[in-house]
Every structure is written in C-alpha cells, then in structure tokens.
Amino acid sequence: MRPYEWMVKHTPQTEWIEGRGILFLIAFFFIELGAGIFVVSSLFSSYAGEVIGWLVCAVLGGGFHLLYLGHPFRFYRMLLKPQTSWISRGLLFVSGFLALGAIHLVLSFWAHSNLGLLIMVDVFAFLTIIYGGFAMNYVNGIPLWNSALLPVLFTVAGLWGGAEVSMAILLLRGGIGEGPERVIQILLLVLVVIFPTYLISARYGLPAGKVSVSEIVTGNWWPYFWIVVVLMGMVLPVGVTISSLLAGSMAIPVQLLYVSIFFGLLADLVLRYLILKNGFYNPLVQVPASYSYVTKPFYE
C-alpha cells in the first residue's frame, strides 16, 4: 500500500494482529479464558478449576503478553496511566486478580480462605474479562471495534469459554458438570443473540464497518467465519445443548461434550482473530464505495 492511500481508502489496522501482534491476540484470549475459568469454578467450589484458571491467566496469558512487549522490563510503565488508558486499567485488573487469587489459593490449600477475599478475587477476575473489549471499543477510528456491543460480546465469550473448561475439568475428575452446563446454556443463548446483533449494527454503521463485516462474512475470511465460528463453534454446541435439554445430560456421550468444548474454544479464538484482522479505519477523505479497500485502488 502506498503511503497516501490511508487518506482515501479503508485501511486495516496491523499493530495488534500482524507479526508480533498475533501474540497480543493469544495473550488476550488466555487472560480472559483463565479469568473465566476461575470465576465459574469458584461458583461451584472447584479448587482444581480455580488453580487451572489462575495458571492459564498467569502463565499462558501473562507469558504471551510479555513476549508481545518489545521491552518486557519496562511493562510497569503501562500501569502508570489508569486515568486515561484501558490497557493500564486492564493490567491493574489482571495484577489484582493474580495477586489476590494467589493468596486465596494458598489459604484454601493450607487453611480456609475468607469468603470476602474470594468475592474480591472474582470481582477482579470479572474486570479482567471485560477490559479487553473496552480497550478495543475505545478506538474511535475503527467502527467494527467502536461498538457498545463488543465488550458485551467478549465478556459473554470469555465466561462461556471459562464455563466450558470448568465443565471439562469436573468431568475429567469424575464429576457430573451439571452446574457449569446450566451456565453454558444461558451464556450460549445470550451469545447467539448478541453475535449477529453486533455484526448487523457494525454492517449498517459507518462505511468502514460495512467493509469489515463484508470481509468477514463474504470476503476472504468467509470459510473461517461460517465453518469454524458458526458451524463448529455455535451450531454444534447449540445442537448438543438442545439434545441435553430433551434427552438429559447423562444421555450425551462425554466424547461429544469434549469435541463441543474444543470447537467452542477454537471458534472463540478465531472470532477474536477475525475481529482484530478486519478492523478497518475510515479514510480521511470520503470516496465512492467502488474505490474501497476490497476493490481496485482509486488511482487505477
């Protein structure tokens, strides 16, 4: 792309997805997934789930986040502007969750943790889940991100993924997993409503939002959207949920549950990739739609 083209064409953001930016996506995914696992596991008194959720957030999420940073030992500077930066607020939320969570886990293992402490950990874990959506929503130049529904979508997806892993942990340890399954059913229903509403609102908003949604739904990324996100990540879990409601959870093969959980997590990761990859900026100068990024350049 020539240097001046950003003035007249819809241009995609690359900072958070190209090159080392892919590490940012993976870090976001594991941070929210780990916090979601902890929150749901704490609701059903699953100590193993709490430990796994904390480790996923700290080791995988934190590790990839440090790899993304060009100068990891200067990351503390990102904590210094919580009054203006969602990234700064998010790191404070994650730090609070990991610090208080570690105290809670140690106390739970060696003695008895305090309920008030667990509530504080859950609050920080929930804030950890929501901050990614708000950080992206704060970018006014990208209509696909600058939507009030994006934080809601990411929050529901993070809790849904957490509930799925929590159920898998309970099943692997010989439990029933009925509690997390009820949470999954509720969150899946909300996700099925929120997801298309978010895309439709972006599609009929500013022109760059239309370009973003078109690229995802009918453009270069349609196989990932329709096959991985919609078919594997939503249709399959919805089918499993309906079967569970009609025939009872005990009638569903546990292998099918594991497959559904795996594809649900994969779809969550791919959906986040598509939203980051197809975040288009509005051009500085408005031009006819026929000269958009996905068609020929205006100078030809």
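User: Which residues does Thr241 touch, not counting residues up to four places away in sequence?

Analyst: This is a predicted model, where local features need pLDDT of at least 70, side-chain atom pairs count only at pLDDT 80 or more, and totals for chains, interfaces and linings use all residues. Residues are numbered from 1 along each chain as its sequence is written, and side-chain values use heavy atoms, with hydrogens and water left out. Contact here means heavy atoms within 4.5 Å. On that basis, Thr241 touches Gln185 and Leu188.

User: Is Thr241 buried or exposed?

Analyst: Buried means under 20% relative accessible area, exposed over 50%, and partly exposed in between (1.4 Å probe, protein chains only). Thr241 has 13% relative accessibility, so Thr241 counts as buried.

User: At what angle do helix α5 and helix α9 pack?

Analyst: Helices are DSSP runs (H or I, at least four residues), numbered from the N terminus. Axes are lines fitted to C-alpha atoms over the stretch in contact, and angles run from 0 to 180 degrees between N-to-C directions. The axes of α5 (residues 149-172) and α9 (residues 254-277) are 10 Å apart, and the angle is about 155 degrees.

User: So are α5 and α9 roughly parallel or roughly antiparallel to each other?

Analyst: Angles under 35 degrees count as roughly parallel, over 145 as roughly antiparallel, 65 to 115 as roughly perpendicular and the rest as oblique. With about 155 degrees between them, α5 and α9 are therefore roughly antiparallel.

User: Which residues does Leu144 contact, leaving aside neighbours within four places in sequence?

Analyst: Leu144 is among the residues with the most contacts inside the largest nonpolar core, a set of buried Ala, Val, Leu, Ile, Met, Phe, Trp, Tyr and Cys residues joined through side-chain atoms within 4.5 Å. Leu144 is in contact with Tyr198, Ala202, Ser212, Val213, Ile216, Ile275 and Asn278.

Terms used. Helices (H or I, at least four residues) and strands (E, at least two) are DSSP runs, numbered from the N terminus.
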